[in-house]
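Reader: I would like to know how the labels used for a structure follow from its values. Please take me through a few of them.

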Amino acid sequence: MPLPVPPLLRRTLHRVRALGRPPLRALMNLRELVSALNDFASPSLAESWDNVGLLVEPSPPHTVNTLFLTNDLTEEVMEEAVQKKADLVLSYHPPIFTPLKRVTWKTWKERLVVRALENRIAIYSPHTAYDAIPHGVNNWLTKGLGACTSVPLHPSTAPSSPAEGTHRVEFCADAEHVDAVLSKIKDIPEISCLTTLPVRVEGEEQTRVSLNCSQKALLELVALLSQNSLLYHKTEILLLQKPLLPHTGMGRLCTLSEPVSLSDIIERIKGHLKLAHVRVAVGVGRTLESPVKKAALCAGSGSSVLKGAEADLYLTGEMSHHDVLDAVANGISVILCEHSNTERGFLSELRDTLAIHLKNQINIIVSEKDRDPLQVA
């Protein structure tokens, strides 16, 4: 018969065992996790052409213990996710972009979906939503320049605003006409926030009419008001614009705290991205020793975002040949690092940031197989 363990020793042994144990993490329901990921970076911030959010969902209920981060979900990376028992793959680039007409074993993207569902792995992609947010990919890329301040090249607007409609219309009408005009206005669809206010204009009692309307309703409203030239000439039309979101948007225009030579910037970027080589085009009238004070950057493929930006340097993953020629002709130097090389390094920072956002409820790991398909031979 074993001897009883004294209470003090029992408590001590319990503490020792607990210290040697890996921390226990709670599971998260997939839908709860997707909601938290959407709070971290709203899909509404993504470009209209993009395909973001939850792309593949195993039959519910689906719980997540391990979140697996990758820049590109290739077949090799998918097998890594299976081996590491991932429950959700967060792939920065959406593996499903153009619509799939069938899901068979014929093409590699179809096989990704098959393998994901076979192994009960969900797939989520944030893509350009992560480009826009203040704590996203572009913000991480600015750190390669050194000390600087940055603003979005193309600011994002609030996905919704309190005002309804696209335009506000205001006009004054006298007592003789106001009731008839209001009666006809109320028959026009997509008009909201209609208010009237008695006012005195040039010594006459009139009614100030204000309303919001859609673009379509505006055309009907203008046609109605133009039937009375006096009324129409007193009409004001304002375009309602959504407010800009601070520090949010596509690309970044960075102002360095101190000018740095182009050659030094190149070395900083290579160090930040852990690259042995980058491609460089020196702007007309510039040299490798020319100072860089302003840099415009965009992770991935930056041609459309950087076009027209006034800077000493463009930094991105890839640009078309002719866009590089245009920049160089305008005295702007260009650094190209290959598409995903300007994005992938963000995943380590994302892992730590998401761990805090998700309150360490799940395991988060970064792919070791994910890499840019291009290399210097």
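Author: Start with the word "buried": a residue is called that when its relative accessible area is under 20%. The model here is a predicted one.

Reader: Why is Asp131 called buried?

Author: The relative accessible area of Asp131 is 7%. The cut-off is under 20%, so Asp131 counts as buried. Asp131 sits in helix 5 (residues 128–132).

Reader: What makes the pair Asp131 and Tyr92 a polar contact?

Author: Their side chains come to 2.5 Å, and a polar contact needs N or O atoms within 3.5 Å. The pair therefore meets that distance limit. Tyr92 is also among the residues in contact with Asp131, including Val137 and Arg252, once neighbours within four places in sequence are set aside.

Reader: Is Glu343 buried or exposed?

Author: Buried, because its relative accessibility is 2% and the limit is under 20%. Glu343 lies in the loop between strand 16 (333–336) and helix 13. Leaving aside neighbours within four places in sequence, its contacts include Tyr92, His93 and Trp140.

Reader: Which residues does UniProt list for "binding site"?

Author: The unreviewed entry lists His93, Asp131, His339 and Glu343. They are spread over 251 residues of sequence, yet cluster in space, with a largest C-alpha distance of 13.5 Å. The lining of the largest pocket takes in His93, Asp131, His339 and Glu343.

Reader: How do you know that strand 4 and strand 5 pair?

Author: Four bridges join strand 4 (residues 66–70) to strand 5 (residues 88–91). Pairing requires at least two bridges, so these strands qualify. They run parallel, and Leu69 has Leu90 in strand 5 as its bridge partner.

Definitions and conventions
Residues numbered from 1 in each chain as written. Predicted model: local features only at pLDDT ≥ 70, side-chain atom pairs only at ≥ 80, totals over all residues. Heavy atoms only, no water. Helix = DSSP H or I, 4+ residues; strand = E, 2+ residues; numbered from the N terminus. UniProt positions renumbered as here; feature names shortened; annotations may be inferred. 1 Å grid on protein atoms, 1.4 Å probe; cavity = no way out; pocket = protein on both sides within 12 Å on 5 of 7 lines; lining within 4 Å. Buried < 20%, exposed > 50% of the residue type's maximum accessible area, 1.4 Å probe, protein only. Contact = heavy atoms within 4.5 Å. Polar contact = N/O pair within 3.5 Å; in protein donor to acceptor, adjacent residues only side chain to side chain.
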